[in-house]
Amino acid sequence: MTDHALPPRTPMAAFLHMMWSKEKVWLFSALLLAVLFVLVPAQGATSAAFAAQNLLNVAPFLILSIGIAAYAGATGADGLIARAFTGSPMVMILIAAAAGGLSPFCSCGVIPLIAALLAMGVPLSAVMAFWLASPVMDPSMFMLTTGVLGLEFAVAKTITAVALGVFGGITVHLIAKTGGLADPLREGVGNGGCGASKVRTVQPVVWRFWAETARVTKFWREGIKTTLFLAKWLTLAFLLESLMLAWLPADLVASALGGTGLAPIGIATLVGVPAYLNGYAALPLVGGLMEQGMAPGAGLAFLVAGGVSSLPAAVAVWALVKRQVFVLYIALALVGSFASGLLFQLWTMV
């Protein structure tokens, strides 16, 4: 039998193969925009502007969180941070959930911190508690919710944020005790730390890391790597979200969320995932629907489910963790959102 060797790749073919194997997300986003500009030029321009504007909006949170993560890694302070999560798992989960409910980070801006915590060896249960609670409420969101929907609704949403974090953290802790959810990060994310492992040994901390060339190099390397990683996934997420907003009319969402009883709460939980605008834009929509008779519980379920599992947040989570952790994240968000809506509905009926 004669062996037939494959012809060597041309430089262009090798370049395209390398780009496809390493930069599928950027290429898909570029292809999507190209198709839009050819078939629907106006929507192509709108989607490009939408993605650019949203990237600018989240940039301050991303820069802050990426800087904190890179600084912790360069100085060696990541070990100290991780040590703060040692001790009773229940205490860690409660603290993480409370911190998430009070933090100013959005669901996208918190991603670098989540990756850093998991890479440090912080238990996934505590990280999940923070992760679930963080996008639901923050100080500015509390004030705006109070102004649009009232103090009772804002307090209920805050309690839900912390409760959702505690629920998710405890669930993950119980699963981890059976040996599941080891190594939650995808290959190439962080440094391969195991979210269910013990916290690594603390190394000497050099707060003035800029005095050492190796640490400065690590700071910039990690910062640039994380920035590029988030930029490609968030660009894709915002492009897809722009199409969803363009082709999923708000009045259709409104009609689906109307009514009272259990069904609207369940529908609001499911509709909140793909149809969510953002934490601030969704409030007037919910306020208008409640004025038209939508149940308060359905409104809360919509806001919570959308905040935790909206398209940009879901894409960021998918890019960061393995499939089983992503599925668990979405499941916890949906179950917790439905339960919070149901409980708030019962409260308003008392």
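A residue is termed buried under 20% relative accessible area, exposed over 50%, and partly exposed in between (1.4 Å probe, protein chains only). By this criterion, 46% of the 350 residues of the chain count as buried. The structure is a predicted model, in which local features need pLDDT of at least 70, side-chain atom pairs count only at pLDDT 80 or more, and totals for chains, interfaces and linings use all residues. Residues are numbered from 1 along each chain as its sequence is written, and side-chain values use heavy atoms, with hydrogens and water left out.

The chain holds 16 helices and 0 strands. A contact requires heavy atoms within 4.5 Å. Among contacts between residues at least 6 apart in sequence, 81% join residues at least 24 apart.

The chain has a mean pLDDT of 78, and 77% of its residues reach 70 or more. Helix α1 (residues 11-22) has the lowest confidence, at a mean of 61. Helix α9 has the highest, at 92. Over residues 191-200, pLDDT stays under 50. The model has 31 contacts beyond four places in sequence for this stretch.

Pro 204 lies in the loop between α9 (151-177) and α10 (213-247). Its relative accessible area is 61%, so Pro 204 is exposed. Leaving aside neighbours within four places in sequence, Pro 204 is in contact with Thr 75 and Arg 215. Thr 75 is 129 residues away from Pro 204 in sequence, yet the C-alpha to C-alpha distance is 8.5 Å.

Helix α6 (residues 111-120) packs against helix α7 (residues 124-133) at an angle of about 170°, with the axes 10 Å apart. Axes are lines fitted to C-alpha atoms, for helices over the stretch in contact, and angles run from 0 to 180 degrees between N-to-C directions. Helices α6 and α7 are therefore roughly antiparallel, a class covering angles over 145 degrees, with under 35 counted as roughly parallel, 65 to 115 as roughly perpendicular and the rest as oblique. On the α6 side, the contact is made by Ile 111, Ile 114, Leu 117 and Leu 118. On the α7 side, Leu 124, Val 127, Phe 130 and Trp 131 take part. These residues divide into 8 nonpolar, no polar and no charged. Ala, Val, Leu, Ile, Met, Phe, Trp, Tyr, Cys and Pro count as nonpolar, Asp, Glu, Lys and Arg as charged, and the others, Gly among them, as polar.

In helix α13 (residues 282-291), the buried residues are Ala 282, Leu 283, Leu 285, Val 286, Gly 287 and Leu 289. Just after α13, Gly 293 adopts a positive phi of about 110°.

Helix α16 (residues 323-349) contains Gln 345. Leu 328 also sits in α16. Leu 328 is buried, at 14% relative accessibility. Beyond four places in sequence, Leu 328 is in contact with Val 172, Ile 175 and Leu 181. Thr 171 and Leu 328 are 157 residues apart in sequence and 9.5 Å apart in space, C-alpha to C-alpha. Gln 345 is buried, with a relative accessible area of 14%. Beyond four places in sequence, the contacts of Gln 345 are Ile 265, Ala 295, Pro 296 and Gly 297.

Note on methods:
Helix = DSSP H or I, 4+ residues; strand = E, 2+ residues; numbered from the N terminus. pLDDT = per-residue confidence, 0-100.
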